[in-house]
Amino acid sequence: MSIAKYLFVALVLLLLPLGACASTELDDDLLVVASDLDNPPFASVDGEGRPQGRDVEMTALLAERMGVRVEWRRMPFERLIDAVAEGEVDAAVATLGTTPERAERVLFTKPYYETEIVVVVSTRPGAPRRLSALEGGTLVGGVGTTSERAIRLVYGDDAFVPGTKDGASAAELVLDGSVDGAVMDAPNARALVEQVGPTLRILDEPLAMEHYSIAVRPNAPHLREELDRALAELDADKVLDRLDREFGLVVP
């Protein structure tokens, strides 16, 4: 190849749109995204089964900036990391907290939401009022979640009691004294306390910090880069802040 022709090809490659990198790792420019769609206001389904919520709108905006289409695949929360790691889907957007264990199996984008993992306790006399009072006790959390991981890391394996992800049975276990507290992320905790009423409260001290990111299949580094670029644009344009406000995720 002549030097002139080589320079021409190099110039063309430099001028290619950034989205072209992602499209080479997607079939027919289709981004297949997994979620349990069972965690409002982040993601759920409407009466006709259509995805809705803060993360659903964010994903649509990301896809628009990348020039691709989105197809949602609904599956249980505990299946999400496996589905991404095995290439069954391109990505998972489902309030997935980043952990070293998960990062060994999938690629993670930059965080798009920061919150806390907290403990919900009863307001009855004698109930725990500080994290230190939970030593030697039991805590309920969602199986396969970062809440389970936090319980095991802070209080040991014996402290963990499996519970449902939506927190309904967890609330019952706390209220009837079967466990000392329920561990979940702060948005779910606030929603639960608001739903149940003054018989529950959130401990002032967080158990851990939580950063939600998009999980990307491990053989698609350019897709992760494109998602990071689009997330950075949404952040710079204050779109992520707007979504948080619109879906009631900004704490007064």
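User: How do the residues lining the second largest pocket divide into nonpolar, polar and charged?
Analyst: This is a predicted model, to start with. The lining of the second largest pocket has three nonpolar, four polar and five charged residues.

User: Which residues line that second largest pocket?
Analyst: Phe 77, Glu 78, Ile 81, Leu 96, Thr 99, Glu 101, Arg 102, Arg 105, Gly 144, Thr 145, Thr 146 and Arg 149. Helix H5 (100-103) and helix H6 (146-155) are the elements that give two or more residues to the lining.

User: And how much space lies in there?
Analyst: About 240 Å³ for the second largest pocket.

User: What does Arg 149 pair with?
Analyst: Arg 149 makes a salt bridge with Glu 101, at 2.8 Å from N to O. That ties together distant parts of the chain, since Arg 149 sits in helix H6 and Glu 101 in helix H5, 48 residues apart. Both of these residues are in the lining of the second largest pocket, too.

User: Why does Arg 149 count as partly exposed?
Analyst: Because its relative accessibility is 29%, and partly exposed covers what lies between the 20% cut-off for buried and the 50% one for exposed. Glu 101 also counts as partly exposed, because its value is 45%.

User: Switching topic. How many cavities of 30 Å³ or more does a search of the whole structure find?
Analyst: One. The largest cavity holds about 30 Å³ of space.

User: What lines the largest cavity?
Analyst: Leu 31, Val 33, Thr 59, Leu 62, Ala 91, Val 93, Ile 214 and Leu 227. Strand E1 (30-35), helix H3 (54-66) and strand E5 (91-97) each give two or more of the lining residues. By type, the cavity lining has seven nonpolar residues, one polar and no charged.

User: Back to charges. How many salt bridges does the count come to?
Analyst: The count comes to 18 salt bridges.

User: What does Lys 110 meet in a salt bridge?
Analyst: Asp 235, with 4.0 Å between N and O. Lys 110 is in the loop between strand E6 (107-108) and strand E7 (113-122), while Asp 235 belongs to helix H9 (residues 221-236), so the pair links distant parts of the chain, 125 residues apart. Lys 110 is partly exposed, with a relative accessible area of 29%, and Asp 235 is partly exposed at 34%.

User: Are Glu 226 and Arg 229 buried or exposed?
Analyst: Both are buried. They also belong to one network, in which salt bridges with shared partners join Arg 65, Glu 226, Arg 229, Glu 233 and Asp 237.

User: Which other H9 residues are buried?
Analyst: Besides Glu 226 and Arg 229, the buried ones in H9 are Leu 223, Leu 227, Ala 230, Leu 231 and Leu 234. Leu 227 also lines the largest cavity.

User: What span should H9 have, and how far apart are its end C-alpha atoms?
Analyst: H9 has 16 residues, so at 1.5 Å a residue it should span 22 Å. Its end C-alpha atoms are 22 Å apart, which agrees.

User: Last one: what follows H9?
Analyst: Lys 238 follows H9, and its phi is positive, near 65°.

Key. Residues are numbered from 1 along each chain as its sequence is written. This is a predicted model: local features need pLDDT of at least 70, side-chain atom pairs count only at pLDDT 80 or more; totals for chains, interfaces and linings use all residues. Side-chain values use heavy atoms; hydrogens and water are left out. On a 1 Å grid over the protein atoms alone, a cavity is a set of points where a 1.4 Å probe fits but cannot get out, and a pocket is an open set with protein on both sides within 12 Å along at least five of seven lines; lining residues have an atom within 4 Å of a point. Grid points are joined across faces, edges and corners, and a volume is the space filled by probe spheres set on the points. Helices (H or I, at least four residues) and strands (E, at least two) are DSSP runs, numbered from the N terminus. Ala, Val, Leu, Ile, Met, Phe, Trp, Tyr, Cys and Pro count as nonpolar, Asp, Glu, Lys and Arg as charged, and the others, Gly among them, as polar. A salt bridge is a side-chain nitrogen of Lys or Arg within 4 Å of a carboxyl oxygen of Asp or Glu. Buried means under 20% relative accessible area, exposed over 50%, partly exposed in between (1.4 Å probe, protein chains only). The expected span of a helix is 1.5 Å times one less than its number of residues.
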